[in-house]
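We will go from stop to stop, and each one tells you what to select and what to look for.

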Amino acid sequence: MDRELYGREAALHDAGLVARLSGLTKHGASRVPFEHGDDPPVTVFTGGRGTGKTALLKEVRNRYRGYTPLALLDCAHIEPPADHGPGWTPLTGALAELAVQLSPKVLGARPVKFPRVSLGLVAVASLGWSQEDDERARRDLQRLGPLLATVDPTRGAATHWVGKVLAKLAATFAEATVPLAGLLAEATVETVLEEVFGRLQRTSESWYGTYRNAGGRGKAGLQQLAIDFEQGGRRRAEAEGFLVGALTEDLLHPYVGIRRGGRIGRPLVLLDNAHEPLGRQLVEPVLRARSEGRRDRVVVLATSRVREHEGLRNATRTRLPETAHRAPSPRDTRVGSGILAVELTPLSPAQTRSAFDHHDPAGRTPTELARAVHRLTGGRPLGVALLGRAAGEAPEHLRAGLTPGGLLDLTVELREDTPPVPVAPTLLAELLPVRRPGPYAVLAAAHDEESARMLAHARLQGESLDGDVALRVRDRLRSEDWAASEPGSGHFVADPLLRALLLHRLRFEDGDHPRYAAWHAVHETLHRHYGPEPGPYRLHHDLALGRTEEAVTQLRLTFPEQDVLGWLRRLRFIGSAPYPREHGRTGPDPRRAIALGRRPPGGARGATADDLPPGLDHDTTELHLSVRRLLHAVWLLTDPLALPDDEVADRLAHELRRLSGRHLTGSGSLWDAATHWPRDIRAWREPSLPPGREDGV
């Protein structure tokens, strides 16, 4: 059954990118003209964690498996076999796995055989074998059984040939004064050719005659290949590149000559996490051969979490929606120009709405919840999918009052055979798979590299004995393609979703209700760091600690100053503080009542004239109350974990217009803010400065 992959239709529909590259619609329904003739580009889908790269490759596998030769390999997870010899590397392991996956019979065509790959891997497997330890040789040979079975299932799957190889090796050891890699490779290859390969397959050995120093002699090429592999360094890289060529040559063979008429569609090689070194080892030999004029018919679809990977520097870049009908990939003399890098774009608000409708078809959650989740996640598919599922599974009594923050507090059932898991920790683990997320949660409260280093020194001294914790966290975030300390962002962790998840962990992970000791310790540390003057950073952390009156007082005192844009900027920054939520809290948000001039539920202070500082005259009292309502309105309306609120947005505009009438010189900016800030908020943008400026700066 096809998965719902919202926003990925450009790749997957019947005239989409994958169909045009492979020449086949899903499930082998019909042929599609090849967009790039016999020279398809290596297509690399780029995007950070949670953008749907792996899901896209898996869906391609599900739709095309059984209709054209296909293999899916995760370049970040090639598990080495136990007690393997030196002939095993991630690349040789990957080639064996790819060949086995590509070999099964598909609709209307025979299985693909891999004699060339088999011979090359047999040759390098002999490295490190000794006469004293024939058990290792036996294990290494038996591991090659599934690969050799692609050449002849009846003989390769049996094990009698292993004993004959071992006997031939024993004779070779006895005759040789030194167990050279080339001699062992020759003896192993000869026996495999005799015992496993049929008459027609034996000719595949001649392909290795093109290897360096082979002089057209296949066995000599295989000997040299093993010697180079054992040497390591540049020579091993050359040998491994030649082995990749063996894979593509084996895949090409069924598509040429009299056999080609029975095959529709090109073979698909899907490489997940191709930004890892193994991905580059697999892709670069293919690109190099193509730049030299070789045509191999293989469609390589890869993913890269690193958008600016060195291997992509000469790629043609485009965005996924632009590939729906055409995906040009012009070539030049540079090897890397054979790559088409396709950025996976975020889901649109409409696509997020569709995902929520899928999980909540009856519409029992708030109307604006999907749009608020889109604001929080930025349209990142993993976040949308998990939070949408959480909304659909939420208890009945909670659904009407759900917010994005409330969704993070829930549990969700990902599989029927496992217990429900907490939403926020599960999503955080997917987006930032680190062994200890605690330091990241602490530093998510920081604003820049300087404050992060101060915070690490104060709160994380035991985390590292040999380096700056903040810089280690910064570098790890960058390696995961998360922006950190972006200039002007005001946040050490720049991505709103990742920052919200880390702050959720800081607030609730220790289960220390109602003290929230870790949260208070971190924000108090930053509060002291920015003291003693009541500047915007100090007041920002006051709000994070649930204290608002000093911020209101300071904004009131500075209101008459001429720099009104500076005052609005400070208001916006102070009001961007994370709200000290209570886990699982239901009912109205206290900030809403205060923004509307009412006493909040539960008798909280801070809403009426009874809570005013002493000694204020009538005019100053009115200003103080207006600023208080305005600050709480900004705090609520810009909170990515809250829902939008039209009544509070209207009150925001009302307060700004009233303040415009009070200011002697800056009434224009305040009036413009009253017009544009509610509009920005309803359009899910940060309030713009100067008000109405399109880029929001």
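**Stop one: a loop tyrosine**

Select Tyr516, which lies in the loop between α23 (496–508) and α24; helices here are DSSP runs of H or I with at least four residues, strands are runs of E with at least two, and both are numbered from the N terminus. Before going on, note that this is a predicted model, where local features need pLDDT of at least 70, side-chain atom pairs count only at pLDDT 80 or more, and totals for chains, interfaces and linings use all residues. Residues are numbered from 1 along each chain as its sequence is written, and side-chain values use heavy atoms, with hydrogens and water left out.

Tyr516 is not a glycine, yet its phi is positive, about 50°. Is Tyr516 buried or exposed? At 3% relative accessibility, Tyr516 is buried (buried is under 20% relative accessible area, exposed is over 50%, partly exposed is in between, with a 1.4 Å probe and protein chains only).

**Stop two: an asparagine to set beside it**

Now pick Asn213, in the loop between α10 (181–195) and α11 (218–231). Asn213 also has a positive phi, about 65°, without being a glycine. Asn213 is exposed, with a relative accessible area of 55%.

Most residues other than glycine have a negative phi, and most peptide bonds are trans.

**Stop three: two cis bonds**

Select Gly531 and Pro532: the peptide bond from Gly531 to Pro532 is cis, with omega near 0°. Pro532 sits in the loop between α24 (517–529) and α25 (536–544).

Then move to Leu689 and Pro690, joined by a cis peptide bond with omega of about -10°. Pro690 is in the segment after α31 (667–682).

**Stop four: the sheet**

Switch to a cartoon view. Six strands form an open parallel sheet, ordered β2-β3-β4-β1-β6-β5 (two strands pair if DSSP finds at least two bridges between them). At the edges are β2 (70–74) and β5 (316–319), each pairing on one side only. Neighbouring strands are turned by 20° against each other on average, direction ignored (axes are lines fitted to C-alpha atoms, for helices over the stretch in contact, and angles run from 0 to 180 degrees between N-to-C directions).

Zoom in on β1 (42–46) and β6 (339–343), which pair in the parallel sense over five bridges. Phe45 has Val342 as its bridge partner in β6.

Helix α13 (277–291) lies across β1, β2, β3, β4 and β6, running at about 145° to β1.

Conventions: Contact means heavy atoms within 4.5 Å.
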